[in-house]
There are 2 protein chains.
Amino acid sequence: MHAWRSWWLRFSEFESLQMRKFVGETAKTLIANNTIASVVKLNPHHRPSSPNYCSNRSHLPPSLYSPISSYSIMASTPPVTVESLNPKVLKCEYAVRGEIVSVAEKLQEDLQANPGSHPFEEILYCNIGNPQHLGQKPITFFREVGMLQLHCDEKLLFPLMCVMLCQVLALCDHPALLDKRETMGLFSVDSIKRASLILDQIPGRATGAYSHSQGIKGLRDTIAAGIEARDGFPADPNDLFLTDGASPGVHMMMQLLIRSENDGILCPIPQYPLYSASIALHGGTLVRYYLDEATGWGLEISELKKQLDAAKQKGITVRALVAINPGNPTGQVLAEDNQRQIVDFCKKEGLVLLADEVYQENIYAPDKKFHSFKKICRSMGYGDKDIPLVSFQSVSKGYHGECGKRGGYMEVTGFSPEVRQQFYKVASVNLCSNISGQILASLVMSPPKVGDESYDGYMGERDGILKSLARRAKTLEDAFNSLEGVSCNRAEGAMYLFPNIRLPNKAIKAAEGAKKAADAYYAIRLLNATGVVVVPGSGFGQVPGSWHFRCTILPQEDKIPAIVSKLTDFHKKFMDEFRD
Amino acid sequence: MHAWRSWWLRFSEFESLQMRKFVGETAKTLIANNTIASVVKLNPHHRPSSPNYCSNRSHLPPSLYSPISSYSIMASTPPVTVESLNPKVLKCEYAVRGEIVSVAEKLQEDLQANPGSHPFEEILYCNIGNPQHLGQKPITFFREVGMLQLHCDEKLLFPLMCVMLCQVLALCDHPALLDKRETMGLFSVDSIKRASLILDQIPGRATGAYSHSQGIKGLRDTIAAGIEARDGFPADPNDLFLTDGASPGVHMMMQLLIRSENDGILCPIPQYPLYSASIALHGGTLVRYYLDEATGWGLEISELKKQLDAAKQKGITVRALVAINPGNPTGQVLAEDNQRQIVDFCKKEGLVLLADEVYQENIYAPDKKFHSFKKICRSMGYGDKDIPLVSFQSVSKGYHGECGKRGGYMEVTGFSPEVRQQFYKVASVNLCSNISGQILASLVMSPPKVGDESYDGYMGERDGILKSLARRAKTLEDAFNSLEGVSCNRAEGAMYLFPNIRLPNKAIKAAEGAKKAADAYYAIRLLNATGVVVVPGSGFGQVPGSWHFRCTILPQEDKIPAIVSKLTDFHKKFMDEFRD
């Protein structure tokens with residue numbers, strides 16, 4: 001705790017360098033002349049490394065260079081400073097875990113150390129799609145089967161029996177083990193069958209061993225079958241790369257496609273900042289296309305074309321288009337004909353279509369349905385050779401929300417064998433994704449089917465979660481729309497609402513005074529007043545001059561009323577304070 | 001199986017483009033004029049994108065550009081081809097999973113499909129440090145406690161009881177569950193205590209939730225305590241970044257340090273190719289320093305200095321030095337005074353010391369001991385501010401070899417708070433490492449202690465594995481040294497032997513004929529004749545004109561005699577065939 005505090009103190013000190021956004025932004029500030037001196041004070045390792053710096057020697061206390069300094073014997077080569085880090089890293093921003101989360105963690109520690117030290121009793125994390133962190137129970141079937149693999153490489157172990165007992169224990173309300181004999185009958189035959197099938201699919205039944213670089217072949221067979229069942233079109237297990245969640249797959253594609261800042265990637269704005277971060281880290285150019293808030297975050301081909309042409313004018317080679325469906329942070333679900341237009345646009349312009357489909361199970365609007373871009377392509381008659389398409393899926397989202405397992409896959413189609421070999425090589429450098437995550441990915445794509453013993457229970461859990469999420473989304477949407485100056489599109493899918501707040505000029509000025517974006521200022525004030533954590537819209541991108549925040553719909557249903565009233569009270573007070 | 005075969009066929013076709021090394025090399029070959037035509041045949045997506053190409057139009061069948069081609073309506077923007085991929089990716093090589101593994105997989109399929117189709121009955125994988133793939137049993141204590149976390153987020157579940165049963169089942173030799181009541185007493189109190197402690201350390205007991213970007217704080221506390229116990233010097237949990245194995249940590253450091261090809265990283269040669277691959281992927285320059293095979297792969301400071309100066313002469317800014325201790329693929333264990341020299345060298349030259357210490361538990365030479373570079377630095381009086389040091393640890397190695405769990409950490413010291421914030425930001429972009437791996441990393445750094453009920457059993461398993469590995473290493477070392485023209489340093493640690501083979505000129509010429517490195521030719525011949533898979537030395541780097549291969553010591557002890565006799569017979573025949 002002490003160490004953490006000391007770290008926090010250092011961080012606060014650092015923060016006092018008038019951090020405007022998260023560290024990416026701060027780094028830029030640090031490089032500016034007027035803060036170099038403070039950098040040096042904070043970082044005795046610092047040595048002149050830029051003309052800027054020299055022009056500022058006068059700012060420095062000479063003592064820093066006295067022979068008694070433990071750094072006076074430092075090498076002539078500059079040690080690592082923010083200025084000597086990879087500038088691509090400095091450019092990268094990731095607001096979802098930015099300043100707001102650091103402040104929230106600090107507040108949580110305060111509450112633990114001194115209960116009552118703040119006007120709220122708990123931190124309500126509405127900032128990130130992390131369902132089980134907020135109390136969502138895992139889907140029994142996935143865990144039941146998933147557990148098995150942890151045991152299977154102990155040769156003498158009989159995981160089936162073990163899981164049966166785990167389940168007994170899960171169901172029973174006291175730990176007495178020996179009384180549970182009579183409950184053995186509770187277990188589903190299909191989960192046991194599935195478990196042994198998976199064990200047979202793992203070479204040597206060794207979950208403790210590295211797998212094939214693309215993931216265990218048998219699990220990829222299962223996922224491919226799941227994709228075929230979903231789309232009604234063939235899927236090839238050798239097109240699948242199993243990953244530790246979807247993020248490493250996105251990074252891998254950016255790494256493969258981006259050659260220099262002259263390569264651009266078309267991304268929706270607002271967007272999940274993994275994309276802007278990954279593009280920055282790999283030295284490419286983010287080519288923004290704006291979603292139309294007025295039409296429920298509509299994706300207009302005319303806007304794509306406009307932005308593509310503008311990028312070309314600047315000498316940018318646009319290599320790929322990112323489509324996030326359902327949308328994050330915007331929650332819209334693309335219409336089938338809109339998807340066809342997007343596919344034709346990519347085909348015509350020779351773009352790789354990077355389809356973020358991690359929320360494919362999260363559909364709440366009765367009038368909307370998820371269609372994978374692969375299904376759309378195939379239904380349009382485009383075969384494997386016609387269009388390069390990458391579909392990302394994750395075990396972290398959906399109704400299961402197994403974020404901590406870090407499982408996912410990408411389905412890679414429309415690339416030549418020798419390009420695919422390069423994908424394979426890059427995947428190989430990290431050996432493989434974690435086996436528990438691989439197994440979970442196979443389960444998510446092959447849940448119990450009608451007629452399976454566990455089907456009803458599974459569907460009950462699944463529908464219970466999805467229906468509850470739909471209710472939470474509606475309640476929060478209505479609450480936001482009832483607030484002065486706030487309008488909020490419905491969440492047709494995904495896990496978020498992205499309300500638009502028309503902030504008074506006074507508030508915007510106050511934010512400027514605090515060196516924060518106006519929505520970041522609002523979010524920090526909200527957090528400090530209520531313990532509710534949301535992510536400022538500026539972290540996702542938005543039409544300049546508009547302000548938003550992203551609020552997840554994941555807090556458990558019994559928490560929603562409290563969140564609504566906290567938000568409502570705070571917003572009223574905030575507007576009373578700043579109304580023009 | 002069919003899909004796999006078709007993929008394989010495509011790969012073989014591709015391979016027939018006279019692949020000299022793994023795909024990185026191949027990609028370069030593809031770009032060379034004389035293969036462009038074949039590329040285009042393989043990849044109808046191909047469009048002119050390089051001057052090279054234009055200068056070779058004459059090589060191309062005109063039909064490829066006829067209007068009937070399904071690509072004639074393709075965009076003016078070139079689709080993805082090997083030539084339009086990130087050239088850093090093309091440069092990257094990773095032989096450990098290169099051609100040799102692809103051929104081995106093909107042979108294994110043949111053996112399954114047509115037993116007796118080859119002069120051997122099984123593939124003996126001596127190519128990669130993957131113990132459980134070769135039948136090593138997991139350490140009971142780690143699995144026993146590790147299992148718990150899979151259950152703990154089912155609120156009604158009593159994981160302690162569950163694990164007790166898992167263990168009963170692990171020990172019992174038949175699946176009858178209900179007879180096992182009398183064996184309940186077998187469980188260790190400390191593993192149960194540890195399990196509940198870990199559950200309490202996980203916020204909300206949710207192993208299905210994302211954790212702090214650096215890993216769960218309580219687990220980092222445990223790891224820090226383990227490092228303190230190991231070194232006798234303080235460790236700060238906030239210096240720890242938990243990772244999916246060690247590789248992502250290495251990539252992260254390369255990403256942070258490398259700004260351009262003018263930044264260099266000093267790496268040992270021979271080296272584990274993760275380093276050369278990661279440096280290539282991040283666009284830096286590999287600055288080789290050669291280990292001295294004659295003195296048991298000694299690391300000479302004079303060699304470091306020579307290579308550093310040579311790099312500076314070329315305008316390279318050397319940013320870091322990689323030290324792999326114990327060595328991979330070379331198996332040497334650095335002497336304490338040698339480590340002090342290395343630390344002083346880094347201090348004097350202002351280099352980040354990247355210490356690959358994933359084999360810290362794998363010491364076989366009675367006269368050798370592992371010392372962490374952090375301990376060495378602190379014992380020399382260098383504090384946190386004196387030298388930037390990153391130590392990498394993994395759950396994949398050691399005596400536990402939990403490769404499939406993808407757990408590990410890096411301990412990051414000697415960087416300023418604002419630089420650390422950049423590390424944190426980059427870690428945040430991928431959210432967190434998998435929770436099972438995080439828990440396993442904490443267990444590996446805090447095994448049972450004297451007085452714990454499970455201590456004796458744990459030590460029995462641990463010493464059993466390490467002593468057996470030492471015996472296997474010695475047997476293989478002696479076998480290699482008995483071969484004509486082969487000399488092999490002892491494996492003081494790690495999991496590999498790296499014998500030197502003096503190949504006859506005839507063999508070298510034959511290899512040239514097959515467009516392979518001589519040691520790659522030897523390894524492929526060995527594989528095709530015996531099913532034994534080793535990695536050619538050219539994949540790790542070696543003194544030009546010398547030839548080696550890396551052979552793990554991991555096959556189970558009962559397999560070693562067969563491997564020795566297969567190797568011996570093959571080598572005799574090979575030398576008889578090629579002896580000058």
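Student: Which residues touch the most other members of the largest nonpolar core?
Tutor: This is a predicted model. In its largest nonpolar core, of 321 residues, they are Met253(A), Leu321(A), Phe480(A), Met253(B), Leu321(B) and Phe480(B).

Student: What does Met253(A) touch, leaving out residues up to four places away in sequence?
Tutor: Leu354(A), Val390(A), Phe392(A), Met410(A), Phe415(A) and Phe423(A).

Student: Switching to helices. At what angle do helix 10 and helix 17 of chain B pack?
Tutor: About 25°, with the axes 8 Å apart. Angles under 35 degrees count as roughly parallel, so helix 10 of chain B is roughly parallel to helix 17 of chain B.

Student: Is that crossing of helix 10 and helix 17 of chain B left-handed or right-handed?
Tutor: Left-handed.

Student: Which residues meet there?
Tutor: Helix 10 of chain B brings Leu219(B), Thr222(B) and Ile223(B). Helix 17 of chain B brings Gln438(B), Ile439(B), Ala441(B) and Ser442(B). Four residues of this contact are nonpolar, three are polar and none is charged.

Student: Backbone next. Where is the peptide bond cis?
Tutor: One case is Ile269(B) to Pro270(B), with omega near 0°. Pro270(B) sits in the loop between strand 3 and helix 12 of chain B. Asn325(B) to Pro326(B) is also cis, with omega near -5°.

Student: And which residue other than glycine has a positive phi?
Tutor: Trp297(A) is one of them, with phi near 60°. Lys515(A) has a positive phi near 55°.

Student: Trp297(A): buried or exposed?
Tutor: Buried, because its relative accessibility is 4%. Lys515(A) is partly exposed, at 37%. Lys515(A) lies in the loop between helix 19 and helix 20 of chain A.

Conventions:
Residues numbered from 1 in each chain as written. Chains lettered and ligands numbered in written order. Predicted model: local features only at pLDDT ≥ 70, side-chain atom pairs only at ≥ 80, totals over all residues. Heavy atoms only, no water. Core = buried A, V, L, I, M, F, W, Y, C linked by side-chain atoms within 4.5 Å. Buried < 20%, exposed > 50% of the residue type's maximum accessible area, 1.4 Å probe, protein only. Contact = heavy atoms within 4.5 Å. Axes fitted to C-alpha atoms, helices over the stretch in contact; angles between N-to-C directions. Helix = DSSP H or I, 4+ residues; strand = E, 2+ residues; numbered from the N terminus. Parallel < 35°, antiparallel > 145°, perpendicular 65-115°, else oblique. Left-handed = near helix turned anticlockwise from the far one by under 90°. Nonpolar A, V, L, I, M, F, W, Y, C, P; charged D, E, K, R; others polar.
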